[in-house]
Amino acid sequence: MAKKIGVYVCECGANIADNVDIDKVLAEVSSLSNVEVVEKHKLLCSEAGKAFLKESIQEHGLTNVVVAACSPKQHELTFMNVCEQAGLNPYLLQLANIREQCAWVTPDKEEATEKALRATKAAISRVRYHAPLEKKEVECNPDVLVIGGGIAGIKAAQLLAGPHRKVYLVEKTASLGGKVNEFEKLFPNMDSAAAAISQEIQKLLQAENVEVLTESEVTEILGFLGNFEVKVHKKAEDQEMGLDVGAIVLAIGFALLDPGSLSQYGYGKFDDVYTSLEFERMNASGEILLKNGKQPGSVAIIHCVGREEKGYCSRVCCLHSLKFARYLKSRISGVKVSQFYSDLCIPGKSHQKFYEETKELGVDFIRVQNTEVAENGKGMVIKYETEAGLKGSLEADMVVLSSAIEPSSDTSKFAEMLNIPLSESGFFSEEHEKLAPISTPAEGIFIVGCAQGPQSVADSVVQSEAAAGKILSTLVPGKKLELEAKTSEISDAFCTGCQTCISVCPYGAITFDEAKRISVVNEVLCHGCGNCVAACPSGAASLKHFTFTQLYQELEEALR
Amino acid sequence: MSVGSEINNKGQKPPVLVIGAGISGIEASLLLANAGRKVYLVEKSSYTGGNVIKWEEVYPNMDCATCMVAPKQQDMLANENIELLTLSEVESIQGTPGDYTVKVRKRARYVSMVECIGCSACFDPCPVEVDNDFESGMTKRKAIYIPCAGALPNVPAIDTENCLRFTKGESCELCKEACMFEAIEYDQQDEELELKVGAVVVATGFDTFDLTKVPQYGYRKFENVYSALELERLRATNGPTTGELVLRNGQPPKSAAIIHCVGRVEKGYCSSVCCMYSLKHAHYLQDKVPGVKIYQIYSDLCIPGKSYQRFYEKVKEHGVDFIRGNVLEVSEQGKGLTIKYKTEDGKENTIAVDMLILAPAIEPRADSSEVAKIFNIAQGDGGFFDERELEPAPAGAPREGIFIAGCAQGPKDIQESVAEAEAMVGKILSLSK
């Protein structure tokens, strides 16, 4: 069937008409082959304009439409909808931007007209090769897998579980609660951590449709948003279990940098040098005692242990170091507490008050460039250097090292399994650092709590709730997922199986078919970014609506 | 009625009211709308995008801020489930979670949101010129205006406090005559809307500390002392100097100092984001003014999290002097500025610069007490809205179905604001799952 192309130029009041000779554009394009109708209109986006366009498309039985008007950002969707209402596939439309790119920026009317003419001709040339596209829909599973039974995982599971959504919470260890179990109190309100975590665990266990799998590990995840297939190894029973879920929340927590690798702190060398977590546990056990069974008379808390090595600030160490001072002051009367720090990082509305109240208890703050824990007769001494280069030393019975927070040891396993990139610091990378902080480039997979980066309990909870928000918004029970129509496709015939495309796909949307030895695009995951098309050395990959033919035809005319 | 019964008595999932169309409010609205909920997005000003659209780039990746937010704004404007009410403020709320009645006063824009295409033809003929608040008064605008190029929705509003028709009763119709689309509607009236909603997200954002309260820094006294926000507008490609970092005389500075923590002592908290954006400002200067000498005067560097220290190191490598100290006084010597400061060991010192940038504390919005009163929200530390439900709300009080997001809750960066907005959506949607 011969193409019938309609060309519609919008005057946009005087916005285009004043600076582009629209009649000249119309006259020149009307003689192009297959151009069935050329019309101008005062304002195509107005109700009258849209009605006119719809009627004209139907009247002339058009197969393709070019609208020469404003930026596609402004009204592409408007005119796509008009096409659809007129019974024409909306992807058979092409916009030529003759307002922002011609009338408004090219002062000379003759030049602006020439530019508008080329843009319109280029659009006509391109639109001939447009193919109708359909937005597909897929069924999705609303159930969710939460990996990690710490506070972040627990909170996410609580919000997500409901009558129409099952949540599986997989925890590696035998119990829920994660690291918070080891804390006595939470800064800055010094609420009981045990009370808080047991209450949350209780709420979780009472929630409808939650299945908690402790002593279990995820061994395989296949699939994509809405349709993941998961294998879980139940260690106690040595059993494998299969789960189908629509989304996954990674709440795998953190590890602490081992200060044994940093010899200056004397960890492992002296009896009474502890990591922050060891100190938390000791305090939670009810007593703070030296190895010799006596109470310490003086305690040094050293901040930023491993910061230089890791290359980032662990965000919570200043605050938990202040909390440790509180523990000490409340348990041991007259204990001397010294904080060795470089910069006090206590962001937010409540934390400075916490610092000031702690300081008032009689805690010394010593700003240092570096510290070293050395032997001093039977005890220890902290040798330090101030920023001004002055040297000093202070005796201490006990040393607490506020070590850097590191990614959990499972991070690389899941990064590989799920194809999620890692940030320079080794934590999972978010989809967008500002706008999509708990999403990942792998759709349907969310990173919360310290899996995302070092953070406090309160911030971890917010992130868990955020993951719940994203999932509840996306996977609505009974609702299908609408897919991007402009996806890439890889030709079976041309693909050489080099897998270059797989390495450049940021969404993990391409897999390798081992049997056929070719790459295959998963339409559910493809965002249509075009990376694979640019990278494919054999021309096998192409992007719907941005095919080589479409682009060449457009460029050829624009540059003629 | 418990919060759990967020589904109203007709068995429907009721609409949600979101207050504030900044990044938090937009994110919350989009997620709620995507879940099929009707959203009323109430915004006090005539435009959306809040504070983020005032910035040229965001740390640490130096993404273009408006390019980053504009697609979200466009999605929000195009979303059929979201009803944006600009120039609007909530006056009262009554009812219980799942079943609130909210009264909103919607001021007239006097320009039709349907007819206007945003061509700007009405600006030129307007005879009134006033300081543009959006640009901290560094440029003028007309009485019919949009705050900056690229503002969304791209429809101007008539400022009735300055328009000759509204202030002096004159019969001026110059904007109407210039409009090709009959979009100017002088007879629009303010409206009183009554909305039925099930939950409320309060995302009203922040203000910055009034720098004239600390006269020792010389703000508004010496012409080349800028607030951080003013520097952002100078750097903005759609701002008063189209992105050039120049002094009031149009010349680029040879040296600049950035003072952190201005107002911290007065406010009693660390504003979380100033160290990072001050580093970003050093980056702006390095980028736009080759060879400029840059000082940062700070007390403690607060650059928490996995990626910020790398940004600090990069900026430092390109040549920034970091001075730990307390500023005592700023004075003007000829055309330059002298900053007297005291280091931690008690020594006094001075530096001379052409340009001074002050990083003001983030504080609750000026009208937050009224908002708190309307919604029965507690104001906690620093006067920010308290997210903690410390005591059970009195019977019938609206507090339970009210959720706080973004800087209304406390100073935080975009990442945390977005996460918090998503979190509040999580809470709301989980009530009716």
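The contact between the two chains takes 51 residues from chain A and 50 residues from chain B. This is a predicted model. Within chain A, the briefing covers the side that touches chain B, an open sheet of four strands, two helices that lie across strands of chain A, and the packing of H2(A) with H3(A).

- On the side of chain A that touches chain B, the elements that give two or more residues are helix H3 (72-85), helix H11 (351-360) and helix H13 (457-474) of chain A.
- H13(A) provides the largest share of that side, with ten residues.
- Sorted by class, the side of chain A that touches chain B has 22 nonpolar, 16 polar and 13 charged residues.

**Sheet of chain A**

- The open sheet is formed by four strands of chain A in the order S2-S1-S3-S4, and the pairing is parallel.
- Strand S2 (35-41) and strand S4 (93-97) of chain A stand at the edges; each has a single partner strand, so one side of each is left without a neighbour in the sheet.
- From one strand to the next, the twist averages 15°.
- Five bridges join strand S3 (residues 64-69) of chain A to S4(A), and the two strands pair in the parallel sense.
- Leu93(A), in S4(A), is the bridge partner of Val65(A).

**Helices across the strands**

- Helix H2 (residues 47-60) of chain A lies across strand S1 (5-10), S2 and S3 of chain A.
- The direction of H2(A) is at about 165° to S2(A).
- Helix H5 (residues 109-127) of chain A lies across S1, S2, S3 and S4 of chain A.
- H5(A) runs at about 160° to S3(A).

**Packing of H2(A) with H3(A)**

- Two packed helices are described by the angle between their axes and the distance between the axes.
- For H2(A) and H3(A), the packing angle is about 45° and the axes are 9 Å apart.
- H2(A) and H3(A) are therefore oblique to each other.
- The crossing in which H2(A) passes H3(A) is right-handed.
- From H2(A), Lys50(A), Leu53(A), Lys54(A) and Ile57(A) meet Val82(A), Cys83(A) and Gln85(A) of H3(A).
- By class, this contact of H2(A) with H3(A) has four nonpolar, one polar and two charged residues.
- H3(A) is also one of the elements that give two or more residues to the side of chain A that touches chain B.

Methods:
Residues are numbered from 1 along each chain as its sequence is written. Chains are lettered from A and ligands numbered from 1 in the order in which they are written. This is a predicted model: local features need pLDDT of at least 70, side-chain atom pairs count only at pLDDT 80 or more; totals for chains, interfaces and linings use all residues. Two residues are in contact if their C-beta atoms, placed from the backbone, lie within 7 Å. Ala, Val, Leu, Ile, Met, Phe, Trp, Tyr, Cys and Pro count as nonpolar, Asp, Glu, Lys and Arg as charged, and the others, Gly among them, as polar. Two strands pair if DSSP finds at least two bridges between them. Axes are lines fitted to C-alpha atoms, for helices over the stretch in contact, and angles run from 0 to 180 degrees between N-to-C directions. Angles under 35 degrees count as roughly parallel, over 145 as roughly antiparallel, 65 to 115 as roughly perpendicular and the rest as oblique. A crossing is left-handed if the near helix is turned anticlockwise from the far one by less than a right angle, and right-handed if clockwise.
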